[in-house]
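Hi,

Please take a look at it first, and then come back to the notes under it.

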Amino acid sequence: MTTAAVEFRSISKNYGELQALNNISFQVEKGSFFGLLGPNGAGKSTLINAMAGLITPTSGDILVNGFHTVKNYRGSRKSLGLVPQELISDPFFTIKELLDIQSGYFGLKGPEQKQWTSELLERLALSDKANSLTNTLSGGMKRRVLIAMALVHKPDVIVLDEPTAGVDVDLRKTLWDFTKELHAKGHTIILTTHYLEEAEALCEKVAILDKGQLKALEKTSDLLSRHNFRYIRVNFEGGEPYFISELQSRVDSLSKTEVVFKVEKEMPLNQILGWLVESKVHLKDITSRDATLEEVFLDITSEDK
Amino acid sequence: MMAFNFVGCWALFVKEVRRFYSVAVQTIFAPIVSSLLYLLIFGTVISAKIDVFTGLSYSQFLIPGLVMMTILQNSFSNTSSSLIQAKMHGNLSFVLLSPISPLEFYIAFIGAAVVRGLAVGLGVLVVGLFAFDLHMIQPGLILLFALLASAIMGGVGMTAGILSDKFDQLSAFQNFLIVPLTFLSGVFYSISALPSFWQQASHLNPFFYMVDGFRYGFFNQSDVSIGLSLGVSFGFFLLITFINLILLYKGVKIRD
């Protein structure tokens, strides 16, 4: 019995000269909340589409719940529900009709399935709009419909490709509450997002892709603690000081009343304080914090630039 | 591993039928009216100038041709426009994410194309039967050719829909291939009235055999033998099925 919800084995995907994915191999454990991160064009959506069977990799294999996505596509597609990034809809059908049709594709019908689709409509606050054509809906509503459609067959693995892009605070909360609930019930959640604070708060493990290559694969906590830097914020008064060279080289950001230094983790705070005194900085306040996932992410993805 | 996803295939078939039915004015009634206009214009204005089969008026001769032309064009339109719209809107991925096999996908789409082809063809035929003294000598053969032709053209429409990336390309396929082949398939005339070269050229047009075989079911008269028409039509159906299944299994232009 495999412990992997999804297993990527040496996946490459070429579009002519462009190598969208380059020999990607890793596993997503069953029941985990996994983040797939990377800048635009990193290959995240290509990898997700390959996992969902929407594109065929140039080489390599993907197994979803142990089912090969090409050789045993029925098993892999039944195991996976994808909420795509694009707000796609079908102008000919209402929300309820679309859910019934999608259920049918998966061979599901009958009162039990009707009950489940009604539950989905209710849970995603779509009941009032159930008989509306999907092309008349707002962006947020369309996003909810896509989530409901991805869940009609109760997949073990749920993939959310940028689910909160352009959605309001209410929907974001509804979405995360629902996603946490599904995760608690044992579903594996794979998330891509540009809001890294979301990934930091939700994901137990992350993979960082850049230019089609896997740059990092670690538990989120390990990735953050392994980071070599911490950040010291200093509020000052009396105008912008002249920092001595040891501090100047560590400035991460600077405004008229605040400076943030990016310093090595092992460096004692006394050393920093000494340099601040030497720079004649009129201190108002000083705080220290570890790196955020966003800062780690930027470090990793800017290595090749 | 399920052997055949009957429920999924049926769901896709019903969805495709409901898709064209929801815009029935455009997909059913408009083509019927267009065909009846052809009947009105050709049947009354130029009927005296064209020789057709012995013992038949031109209008009687024309009706089966028009019915078949309507079937050919509408079954083609059904699959091709559905696929290109689904590709452009992105909602083809709803089907592609599901466990529906290429064969089930093919059967569902062709089934819907057959339903539309027959619905529109029947509309023209009913008017023809009421307005003119038209007899169906071999109804079984008529139905067989109607089914074969709509399935074939549903298949051709699927190939065009898969290979086209935008409406413009599909329109070129339709205007420069389907319409000329349909108009030159003997819908409006018997090829025996053509000069020798064009008679020979007509034999290379697969649509001609569908029209000729269909017409044989009404009159027991045709330009070529019914066996040849059946053989060519059935062979064409197998060929287009094979091509589509290869495209779908390989995921050409839809899973790449």
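First, some ground rules. This is a predicted model, in which local features need pLDDT of at least 70 and side-chain atom pairs count only at pLDDT 80 or more, while totals for chains, interfaces and linings use all residues. Residues are numbered from 1 along each chain as its sequence is written, chains are lettered from A and ligands numbered from 1 in the order in which they are written, and side-chain values use heavy atoms, with hydrogens and water left out.

Let's start with the domains of chain A. The assignment, which is of the automatic or database kind, gives domain 1 (4–224) and domain 2 (227–301). Their centres, taken over C-alpha atoms, are 39 Å apart. Where they meet, 14 residues of domain 1 of chain A are in contact (heavy atoms within 4.5 Å) with 10 residues of domain 2 of chain A. The size of an interface is often given as the accessible area lost when the parts come together. Between these two domains of chain A, the buried area (the accessible area, with a 1.4 Å probe, that two parts lose on being put together, summed over both) is about 1000 Å², and carbon and sulfur atoms give 73% of it.

How many salt bridges lie between domain 1 and domain 2 of chain A? The count is zero, where a salt bridge means a side-chain nitrogen of Lys or Arg within 4 Å of a carboxyl oxygen of Asp or Glu. Helix 7 (196–202), strand 9 (205–210), strand 10 (213–219) and helix 8 (220–226) of chain A each supply at least two residues of the side of domain 1 that touches domain 2. Helices (H or I, at least four residues) and strands (E, at least two) are DSSP runs, numbered from the N terminus.

Next, a sheet in chain A. Strands of a sheet pair through backbone hydrogen bonds, either parallel or antiparallel. Here four strands form an open sheet in the order 2-1-4-5, with antiparallel pairing; two strands pair if DSSP finds at least two bridges between them. At the edges are strand 2 (18–29) and strand 5 (67–68) of chain A, each pairing on one side only. Strand 1 (residues 4–15) and strand 4 (residues 59–64) of chain A are joined by five bridges. If you want to find this pairing on screen, Arg9(A) has Asp61(A) as its bridge partner, and Phe8(A) stands opposite Ile62(A).

Strand 4 of chain A is also joined to strand 5 of chain A, by two bridges. Val64(A) stands opposite Phe67(A) there. These two strands of chain A form a hairpin with two residues between them, and Asn65(A) in the turn has a positive phi of about 55°.

Finally, the two chains. Here 32 residues of chain B are in contact with 30 residues of chain A. Together the chains bury about 2700 Å², 63% of it on carbon and sulfur atoms.

Which salt bridges can you look for here? The rule finds three across the interface of chain B and chain A, including one between the side chains of Arg74(A) and Glu104(B), at 2.8 Å from N to O. Another salt bridge joins Glu97(A) to Arg18(B), with the closest N and O atoms 2.7 Å apart. This pair runs from helix 3 (residues 95–105) of chain A to helix 1 of chain B. Over all chains, the count comes to 18 salt bridges.

Happy exploring, and do write back with questions!

Best wishes
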